[in-house]
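I am opening a notebook on this structure and will write down what I looked up, one topic at a time.

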Amino acid sequence: MATYDKFPGYSKQAMWSLFLIVAFPIHVWAFILYFRDITWITERTNYWNAIGVGAYALLFALLESIVVFMIVFLFGLLFPKRWPEEKRIALLGIFYMLIALMAITGQLYFLLGAPFQEMTTRLLAATGHPVRALYVITLTPIALLAMVSVYMVIKSPKATQFVKKIFERLSLLTSIYIVFDIIGIFIVIFRNIQNILK
Amino acid sequence: MKKQLNRREFLKMAGLFSLSLSIPQPLSTSILSTPGDTVKNILIVVFDALSAYNMSLYGYPRKTMPNLDRLARRAVVYNNHFAGGTYTTPGAASLLTGTLPWTHRAFNLNETTEKSFVQKNIFHILPNHYRMAYTHNPLADTFLRQFQKDIPGYFPLEKLYLIGNRFLNFFFLNDPDTAHLAWSRMMKKKEEGHAYSLFLSFLYDKYIKYKTERIQADFPRGLPFINVDNYYKLEDAIDWLENRITNIQQPFLGYFHFLPPHRPYNTRKDCYRKFAMDNYRPDKKPEHIFTMHKSQYYLNIQRNQYDEYILYVDEEFNRLYEYMDKLGLLENTWLIFTSDHGEMFERGIFQHGTPALHQPVVRIPLVIFEPGRTTREDIYAPTSAIDVLPTLTHWFNQPIPAWCEGSVLPPYSPIKPNPNRDLFTVEPRYNGKYSPFELASVMLVKDQYKLSYYYGYKELKGIGDLIELYDIQNDPEEMINLYPSKKDIGDELLNIVKAKLVEVNAPYA
């Protein structure tokens, strides 16, 4: 008899792990920025509205996690099925984390207000193609990092286990974020109902 | 007995019927409406954050409103008109309810009025008019939604947004301010370069750029917007309004509250940099205790941009006026031009919503284009936003509601305006909605004097209450605080303010 508890090549357990990995950087980033904002949001109105903004932020972070998870999952379907499931999840996780790292770095640059040093700007300009040069400078280490990690996961079962362990720990943390998400959803519902009853 | 139509009469009538179909809609509605006081239309056009201080109509050195200066030759111009509060929530609520913030209780950000005002507002008092309303401003929209039962022609915010956030407005309609704020923190990258969202903000940025790039060329500083991504164009709003007022039943009461010149001051290209090189330098004024520590250089740049944005408002209001004039609508429409609060570019303070109650933030325009008027009349007696509602009732021969705190505006009032009237503006933003005012700014204008009383603020810790007294007739720039030298006058006014506070706080004590 056919069973339907498996999507093509992935068990539910694996998919849940992948979802938690995806949700981790999205939530961490949202939390960091929210806590930076909380003071001025409170001053703008009050604590309850500041909590409200946090609740909406968590709700949106959850939605973003679902959307990104679906994309990552579709990408995962491209991996050969003969590879063990945990290896494929580890590879997907590494790829995703690197992309997340790039996204965080991109935003962190503005967040920390780090303008280019004059010398860097001059060097970039001297190349004649500053944008291309900038891409090469930023993408080269990331590509190298990706290649080394992927090579290690493919070749070494120990590396796979190591990555798996890290992801398990992160997943545990993300599970707590998901609980916060659910609380956030309740707060959002409550706020909207409360305002109807006002 | 009913007369039967013969063939000839039938053909005549059929011909007339077909001819009637060819008459344009605006003409047909005008013909159907019998002129007379009881059927005149009312059109209230509010431009958000428009300070009388920055309008050439009121003597500002820059020609910010050349069209209005000309149009006002056929209007009543109020030279000392004051808002109910210093930002949209208290300001618009005072205009709509004819009461001050201590009565309507809408002073916390995006708060509704006290429940009973659902039946105490401009829409409720004129049930025989077809009532319609729209605003770009979510804070003002909160009131329109609250009074929606009396506004059959209510249009939601996104009606005139170029890229309205329908998703938010649909799902979180009852918590719009917080939902929009969270969305903006989640998705907005354009100015700060970072947002809560790691990935979708990037895509969203690209999407917005794609959607707006064709219109961007007309707005060198970017498209006007509110709440991150709700872009709008005033010309779209005016086109739409023209269409509305010609295609709806008369008499109508319309309340249209448009955002320009509210920040960001993204003016249209024909107004861009018009004042950048004119060498106008406003008087340097001392920093206020509620200073935001903005440098005068920064404030002057912002003021230039604001003034250029007012030019855009002037162009578009002129277009509306000309349109109405051409159609003859001005012959049977009271057209009211006003604002909900002003804007500040001095004393280290920028924009509005400040506890400070200096003239630029509290003195707003009021120009009434009366049907059939051909001359200008200037009113110098102090008037308030809360006077608009009783004036409407007066025009339509209705009694002034007992709950209304305003008076009929001169020259319409059958009695002479009281020069000793106590005229208040109140800014109690951080008080509990139903708590006595423990932290507030209260302004009293009486005769030529203006007293501002600030108390309860953390900035005043160790100083005590702050009292300022200005002679706004002889010192309109409010350069000299007369309170130390004219303590007797100041204390007299202060006693009036304190007595009023005791009175209005009593129900909440």
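This is a predicted model: local features need pLDDT of at least 70, side-chain atom pairs count only at pLDDT 80 or more; totals for chains, interfaces and linings use all residues.

**Two helices of chain B.** I then looked up the geometry: the axes of helix H11 (residues 234–247) and helix H12 (residues 296–327) of chain B come within 10 Å and cross at roughly 20°. That angle makes H11(B) roughly parallel to H12(B), and the crossing in which H11(B) passes H12(B) is right-handed. I kept in mind that an α-helix has 3.6 residues a turn, so residues three or four places apart point the same way.

**The loops around these helices.** Which peptide bond is cis in the stretch from B:Gln250 to B:Pro251? I found that the bond joining B:Gln250 to B:Pro251 is itself cis, with omega near 0°, and that B:Pro251 sits in the loop between H11 and strand S8 (252–258) of chain B. In the loop between S8 and H12 of chain B I came to B:His293, a residue other than glycine whose phi is positive, near 60°. B:His293 is exposed, with 9 other C-beta atoms within 10 Å. I compared this with B:Asn110, in the loop between helix H5 (101–104) and H6 of chain B, which has a positive phi of about 60° although it is not a glycine. B:Asn110 is buried, with 20 other C-beta atoms within 10 Å. For background, I noted that most residues other than glycine have a negative phi, and most peptide bonds are trans.

**Helix H14 of chain B.** Next I checked helix H14 (residues 388–395) of chain B, where B:Val388, B:Leu389, B:Pro390, B:Thr391 and B:Leu392 are buried. These buried residues pack against strand S1 (41–47), helix H4 (88–97), helix H6 (122–125) and strand S9 (333–338) of chain B. After H14(B) comes B:Asn397, with a positive phi near 55°.

**Helix packing in chain A.** Is helix H4 (residues 118–126) of chain A buried or in the open? Of its 9 residues the number buried is 0, so H4(A) lies largely in the open.

**Where the chains meet.** I looked up the contact between the chains, which takes 29 residues from chain A and 20 residues from chain B. On the side of chain A, H1, helix H2 (47–76), helix H3 (85–111) and helix H6 (157–197) each supply at least two residues, and H2(A) gives the most, with 9 residues.

**The largest nonpolar core.** Last, I went to the largest nonpolar core, where, of 166 residues, A:Tyr56, A:Ala57, B:Ala182, B:Val367 and B:Leu444 touch the most other members. Helix H1 (residues 12–44) of chain A provides the largest share, 13 residues. Domain 1 (36–161 + 232–420) and domain 2 (166–224) of chain B both give residues to this core, so it lies between them. I also followed A:Ala57, which, leaving aside residues up to four places away in sequence, touches A:Ala30, A:Tyr34, B:Ala182, B:Arg185, B:Met186 and B:Tyr196.

Definitions and conventions: Residues are numbered from 1 along each chain as its sequence is written. Chains are lettered from A and ligands numbered from 1 in the order in which they are written. A nonpolar core is a set of buried Ala, Val, Leu, Ile, Met, Phe, Trp, Tyr and Cys residues joined through C-beta atoms within 7 Å. A residue is buried if 20 or more other C-beta atoms lie within 10 Å of its own, exposed if 12 or fewer, and partly exposed in between; C-beta atoms are placed from the backbone. Helices (H or I, at least four residues) and strands (E, at least two) are DSSP runs, numbered from the N terminus. Domain bounds come from an automatic or database domain assignment. Two residues are in contact if their C-beta atoms, placed from the backbone, lie within 7 Å. Axes are lines fitted to C-alpha atoms, for helices over the stretch in contact, and angles run from 0 to 180 degrees between N-to-C directions. Angles under 35 degrees count as roughly parallel, over 145 as roughly antiparallel, 65 to 115 as roughly perpendicular and the rest as oblique. A crossing is left-handed if the near helix is turned anticlockwise from the far one by less than a right angle, and right-handed if clockwise.
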